[in-house]
2 protein chains.
Amino acid sequence: MPVPPRAIVLLSGGLDSATAAAIGRSEGFDLYALTVAYGQRHGCEIESARAVARALGVVRHVELQVDLSAFGGSALTDAIEVPKDRDLEASDIPSTYVPARNTVFLALALAWAETLGAQDIYIGVNALDYSGYPDCRPEFVEAFERLAGLATKAGVEGARLRIHAPLMRMTKAEIIRRGLALGVDYGLTHSCYDPDASGRPCGHCDSCLLRAKGFAEAGVRDPVF
Amino acid sequence: MPVPPRAIVLLSGGLDSATAAAIGRSEGFDLYALTVAYGQRHGCEIESARAVARALGVVRHVELQVDLSAFGGSALTDAIEVPKDRDLEASDIPSTYVPARNTVFLALALAWAETLGAQDIYIGVNALDYSGYPDCRPEFVEAFERLAGLATKAGVEGARLRIHAPLMRMTKAEIIRRGLALGVDYGLTHSCYDPDASGRPCGHCDSCLLRAKGFAEAGVRDPVF
């Protein structure tokens, strides 16, 4: 039996990355999950990432500390208030944006991919039901893929490095339906930017609002509530 | 008097990054120095980075821990032997290559730049007297600059993010002459990949050989020896 190819999957503990990982597995990859602890206030994400990694049967799960709060500048890492009940159609980039976060995450995933000899990276970014972050758009993912080919020994030697963003054009409801079809247990995931001390979601931040909208449109009950 | 613009400079503690930083300062920037402790065996680099940052009068120096040795795969982070007295004209990529290192460094610098409102990043990569690493070539730096414009709020809003690699086309001797003209104290820098316990350079790794060649060609005594 041939050995399955390896893929790195960026696993935050949220709904999107759990689904992207399940898609990667369904596409025939052995999964190597990377969770970056970047100083986020919602640290219970990390525990969810562990539970999701276990449920997915990943080969290895690396948790890497990278304290982006040393730079400051985001409601997710600083003492800035997380906005509540925001208009999700608003075109501005909200204060929850973490500068260059997905660039940092993909760079770290690329480092691991090259070490493992993997040519595939999965990331759960989405350009439809999202908060308007610049590093969630298809042109960003394409530019990173191009960079990856130039940045690495494998790329120089002719390998094609691929950044898979399978959720890019899906609505939140489509993501949830796809994940359920692949057996994702969304009860293990955590989405809220501003949970209480016991990890209970606030229900009012962008991430809670998008999640609620997705489950409502999918016609499914969110197991977390 | 107008406030000088800000630039992030990646400062390793080595000769090249100290020179790139001095060039950035001479080009009118207030410097914000970023040193990444990535699990390198030659930890005395970090102490050199501190001394260089002080000597340059940087506004702030951030040391960030990012343990790339969690991924393995390089003689600089693992128990793999550092090659000695290697032919510097050889075309292969040596075992001291750290997968995707400069991609990770630039991603972190970009995160800080965006937080500070800086549009300029200095990196001391060099494509002449170097070890053949893929992420030291001009096409890599150009691809990262393109990515930076797409990855960030500033880029989306029309700012031009610039990755400055002022040493790209310089020989090691030219770098040293330029640095000396700008007042760089190379006695503070550390280049060796495999120093002894007291921090003394081995004299035989790629980095020591390139440094020795540079000082010899510049006709200057290396203050470290």
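This is a predicted model: local features need pLDDT of at least 70, side-chain atom pairs count only at pLDDT 80 or more; totals for chains, interfaces and linings use all residues.
Two residues count as being in contact if their C-beta atoms, placed from the backbone, lie within 7 Å. Take the contacts in chain A with a separation of 6 or more: 70% of them are between residues 24 or more positions apart.

What is the chain built from? Chain A has 7 helices and 5 strands. Starting at the N terminus, you can follow them in the order β-α-β-α-β-α-β-α-α-β-α-α.

Now for the overall form. A compact globule of 225 residues would have a radius of gyration near 17 Å, and chain A agrees with that, because its own value is 17 Å. Here are some figures for the whole chain:

| Property of chain A | Value |
|---|---|
| Radius of gyration | 17 Å |
| Span of the C-alpha trace along the principal axes | about 50 × 40 × 30 Å |
| Buried residues | 52% of the 225 residues |

Let's zoom in on one residue, Tyr133(A). You'll find Tyr133(A) in the loop between β4 (120–122) and α4 (138–151). Is Tyr133(A) buried or exposed? Tyr133(A) has 21 other C-beta atoms within 10 Å, so it is buried; the cut-off for that is 20 or more.

Which residues does Tyr133(A) touch, leaving aside its neighbours within four places in sequence? They are Ile93(A) and Tyr97(A). Gly155(A) is another one to look up: Tyr133(A) and Gly155(A) are 22 residues apart in sequence, and their C-alpha atoms are 28 Å apart in space.

How values were computed: Residues are numbered from 1 along each chain as its sequence is written. Chains are lettered from A and ligands numbered from 1 in the order in which they are written. Helices (H or I, at least four residues) and strands (E, at least two) are DSSP runs, numbered from the N terminus. The radius of gyration is taken over C-alpha atoms; the globule rule is 2.2 Å times the number of residues to the power 0.38. A residue is buried if 20 or more other C-beta atoms lie within 10 Å of its own, exposed if 12 or fewer, and partly exposed in between; C-beta atoms are placed from the backbone.
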